[in-house]
Amino acid sequence: HGYRGAETRIVALGDGTLERSDCVFCGQCIQACPVAALVEKKSRYRIRPWEARHVRTTCHYCSVGCQLDLHIKNDVIMKVTAVEDAEPNQGRLCVKGRFGYDFVESPERLTRPMIRENGELREASWDEALDQVAGKIQEVLQEHGPVAVAGICSAKSTNESLYLMQKLFRTAMGTNNLASPLAAGGLNHPFLEWEKARRIFLIGSDITEENPVAGTFVKRAVKSGAELIVVDSRQTKISGFSTQYLQTIEGSESVLINGIIRELINRGREAAQDTRETAESFSLDRVTETTGLSQDDIKAAVDVLDTDQPVMLIYGSRVAAFARTFVRLQEVLGNMNIECGGVNYLGDLNNSQGACDMGMLPSFLPGYANVEDDEKRKPFEDAWGRKLNGKPGLRFNEIIQNMAGTGGGAKIRFLYCAGENLAMAAQGAVPEITNALNSLDFLVVQDILDNETVRYADVVLPAAAWSEEDGTYTNCERRVSRVRKAVPPAGEARSEIWIFTELARRLGQD
């Protein structure tokens, strides 16, 4: 509040406009206001507090997994608030979690199954659409075998959906060609420890944009005296909170970490033999040349890290490929398996961790059982009543290449794509995707909204959206949280669990 007495009013930083302030429009002030003097435009005049039906659920955006209270009227989500005192967000939400629910009522929703006929998509019944999909699967399996079939599923799906999709492909189709492009797992400590940490090493994560609520725990730690080192190739808002900001050349983060490990060993830190051998070739001269940092910057970072106090390392998806190097650093510092330490990964999507746990991976069954291991496969074969393929499947990029016929392996002729808008990747990330989609014999698109990939589909299956089905998500702490059905599905859309089960029945897997 600004000013006094009868002149008291709410002001933004410097008493300017909200646009010119540091406000990120998360709406937390609305929830915190004790007298409802602040309201959001989206729900104003549309719902009164006593008219609301409340459903608790889990946010579907990032890997934090915030707990939400949906305010529903006439089977429509009117408003979202955070669940007070609930883990992990403790009543906090970001702008996406609080206000990003309009897509559920979008006019772009897919509401009926569609089949392509004479080059055009026409509406069809569920029985006709699923019969056509099952018939095509059987045809491809008969003519080309399991190597010609592949499935891609978004890590935004529930654990139950992801589990059933990989089970469907492994039992009914005999293939391990499964991928979830943004599936990734970590070894994270609870968020409450983040706030208690006295030293934080943040690498390759624009945390206030990508995982905003996780960013609040880091910012609160800094406010209470924690030292924060930020390593990033971009200028990020969190760097404004840092004790030291190291802006590296993109892709050189692992070189920097190996250089820090070598410097720590030179200062007398113990390290495993393979770690010593790896770090040996990363002299300060080489590190400065590769990263663009000065020796003084690197030594100053080592001064902060070289302590008896725990250091918490947090990293984002941009540098996930260097995870093993981060583990080596924390082992040298003695920060593994201790409070306020560890290697903490921030995944891109709400169920990036769950997609790995559930076995949406070409080389691993649920629970990370290696498909090549006869002993590990046997319990699944006993439970599912089918012999499983012991050969690892294709990874995401290999599936795309084999669709286009450039991968060197058997051509992928049938693709089942659930929740991933693959055609969007043509704009830079995977340039060969357009050719790959055009080269397919048959494409099934299962999604909630009309998108670019639908243009290539032979059959389109409308799926229930978040808030329209029950299930669970696993956040980056490995916390499993409930997702509850709050509103009915749009049109004839069905839950992914129902779709996979009906398709399995048609393929002789009851």
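Predicted model: local features only at pLDDT ≥ 70, side-chain atom pairs only at ≥ 80, totals over all residues.

Tyr45 isn't a glycine, yet it has a positive phi of about 70°. With a relative accessible area of 67%, Tyr45 is exposed. Most residues other than glycine have a negative phi, and most peptide bonds are trans.

Cys340 also goes positive, with phi near 65°, and is likewise a residue other than glycine. Look for Cys340 in the loop between α12 (323–333) and β12 (343–346). Is Cys340 buried or exposed? At 11% relative accessibility, Cys340 counts as buried, because the cut-off for buried is under 20%. Then there's a cis peptide bond, running from Glu87 to Pro88 with omega near 5°. Pro88 lies in the loop between β3 (76–82) and α2.

## The open sheet

Now for a sheet: 7 strands line up as β5-β4-β17-β16-β15-β6-β7, open, with mixed pairing. The edges belong to β5 (120–123) and β7 (178–179); each has a single partner strand, so one side of each has no neighbour in the sheet. Further in, β15 pairs with β16 (residues 442–447) in the parallel sense over 5 bridges. Ala418, for one, has Gln446 in β16 as its bridge partner.

Helix α4 (residues 159–172) touches β6 (149–153), β7 and β15, and its direction makes about 175° with that of β6. α15 touches β6, β7 and β15 as well, with its direction at about 135° to that of β6.

Arg413 is in the loop between α15 (396–404) and β15 (414–418). Its relative accessibility is 22%, so Arg413 counts as partly exposed. Which residues does Arg413 touch, leaving out those up to four places away in sequence? They are Val140, His144, Ala148, Leu440, Asp441 and Phe442. Arg413 and Leu141 are 272 residues apart in sequence, but their C-alpha atoms are 9.8 Å apart in space.

## The largest pocket

The largest pocket holds about 1600 Å³ of space. It's lined by 40 residues, and the closest to its centre are Asp22, Cys23, Val24, Phe25 and Cys26. By class, the lining has 20 nonpolar, 7 polar and 13 charged residues.

As for helices, α1 (28–32), α2 (95–99), α6 (207–210) and α7 (212–223) each supply at least two lining residues. The largest share, 6 residues, comes from α7.

Terms used: Residues numbered from 1 in each chain as written. Heavy atoms only, no water. Helix = DSSP H or I, 4+ residues; strand = E, 2+ residues; numbered from the N terminus. Buried < 20%, exposed > 50% of the residue type's maximum accessible area, 1.4 Å probe, protein only. Contact = heavy atoms within 4.5 Å. 1 Å grid on protein atoms, 1.4 Å probe; cavity = no way out; pocket = protein on both sides within 12 Å on 5 of 7 lines; lining within 4 Å. Points joined across faces, edges and corners; volume = space filled by probe spheres on them. Nonpolar A, V, L, I, M, F, W, Y, C, P; charged D, E, K, R; others polar. Pairing = 2+ DSSP bridges. Axes fitted to C-alpha atoms, helices over the stretch in contact; angles between N-to-C directions.
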